[in-house]
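Please look at the sequence and the structure before reading on.

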Amino acid sequence: MDINYFSFFLCFTFFTSSFHVHSKTITGSSSLYLSPTILFPNYQKMLEAFKIYMYTPPKPFSFTSPVESLFFSSLSNSPFVTQDPEEAHLFFVPLSANLSTRTIARVIRELRMEFPYWNRTLGADHFYVSCQGLGYESDRNLVELKKNSVQISCFPAPEGKFVPHKDITLPPLAFAHSTQVPANRTVKYRGFVKHNGVKESALVNELRSASDFFMENQPSDEKTFVDRLANSEFCLFEYGADVSGIADALRFGCVPVVISGRPIQDLPLMDVMRWQEIAVFVGYKSNGGLDLEELKGVLDRTCKGNTCEGKRRLGVAASKHLLWNETPEPLDPFHMIMYQLWLRRHTIRYAERKWV
């Protein structure tokens, strides 16, 4: 173990111990994590053992999304990468964002012919990054990539291009910054809405005229933005619109309210965190509408007793897993994505089938 990784390991040990204490002191039986007694020992095993082999891209490689690029650079420079494919748990397939489906199919076909690893599992121990996602195609190589390999998508993923329980989403790009959480929150607004975080609708028009909700296009500076979050009980986001502020909302004690017209199956870190403990999910009615009184009714039912205070405290803890760092730190988004990949390292070895 080199010095840098040893320092990282010591930092991780201190960091996880503080998370254990925080998790146990939350009011009531709620926990941020799906399996808190399993998460941290498993995470430590991942740091010590997880190995990934990265295939060399045939041409210059690029992504269109900054969060994809950040994940790729973090992975490339991490101690998880091995030059020996025989010791790898998973294999990373580099696919540029501008590749056509025909080119992707050719890349997989070449991997199949040049290396023995794809055919062992028909791609089930392989993963790739794609914000655009893959649809269902008839080509054998694309079928195996889509159905077997792990796709790391951006959140929210394009409809029909994400397979729940197999694929993973990257938390929206939001960086940890120096602004501190205010010691004393003074709630001025029932809800705060960034205009680009919701689509134009009857609800948005009602929110504009509601005195207890505050809506603006973009705060003038970071301090103003933090004040909006810290002084609001809820922060409203619409699934499919701009959700990049969710991590900041959690960090500064504003409970995210996610409005969606369909079930959400691609939340970041769904294998790790209990999102229902830190956010509120509101569905549109069958006719596609939602009025302000209905929304307020949901929020009233959410904040009975100290329920919202518990959500806020858990949300602050959750934000540490959702705020990116230029250089990865323990338990940050990069490492939680790696942990979800680690959980998928036990692959099913499919029986070979003949393709016509």
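A residue is called buried when its relative accessible area is under 20%, exposed when that area is over 50%, and partly exposed in between, with a 1.4 Å probe and protein chains only. The model is predicted, and local features need pLDDT of at least 70, side-chain atom pairs count only at pLDDT 80 or more, while totals for chains, interfaces and linings use all residues. Residues are numbered from 1 along each chain as its sequence is written, and side-chain values use heavy atoms, with hydrogens and water left out.

**The sheet and its helices**

Helices (H or I, at least four residues) and strands (E, at least two) are DSSP runs numbered from the N terminus, and two strands pair if DSSP finds at least two bridges between them. On these terms, five strands in the order β7-β6-β8-β9-β10 make up an open sheet with parallel pairing. Its edges are β7 (213-216) and β10 (280-283), each of which pairs on one side only. Four bridges connect β9 (residues 255-260) with β10 in the parallel sense, and Ser 260 is found opposite Gly 283 of β10.

For the angles, axes are lines fitted to C-alpha atoms, for helices over the stretch in contact, and values run from 0 to 180 degrees between N-to-C directions; contact itself means heavy atoms within 4.5 Å. Helix α10 (residues 292-302) lies across β6 (189-194), β7, β8 (232-238), β9 and β10, and runs at about 150 degrees to β10. Helix α11 (residues 307-319) also packs on the sheet, where it touches β8, β9 and β10, and its direction makes about 95 degrees with that of β9.

**The disulfides**

A disulfide is counted where two cysteine sulfur atoms lie within 2.5 Å, and by this rule there are three.

| Disulfide | S to S distance |
|---|---|
| Cys 131 and Cys 154 | 1.5 Å |
| Cys 235 and Cys 254 | 2.1 Å |
| Cys 303 and Cys 308 | 1.7 Å |

With bonded cysteines counted along the chain, the pattern is 1-2, 3-4, 5-6.

Both Cys 131 and Cys 154 are buried, and so are both Cys 235 and Cys 254. Cys 235 in strand β8 and Cys 254 in the loop between α9 (246-251) and β9 are 19 residues apart, a link between distant parts of the chain. The torsion about the S-S bond of Cys 235 and Cys 254 is about 115 degrees, so this disulfide is right-handed, whereas for Cys 303 and Cys 308 it is about -75 degrees, which makes that disulfide left-handed. Cys 303 is partly exposed, because its relative accessible area is 21%, while Cys 308 counts as buried at 4% relative accessibility.
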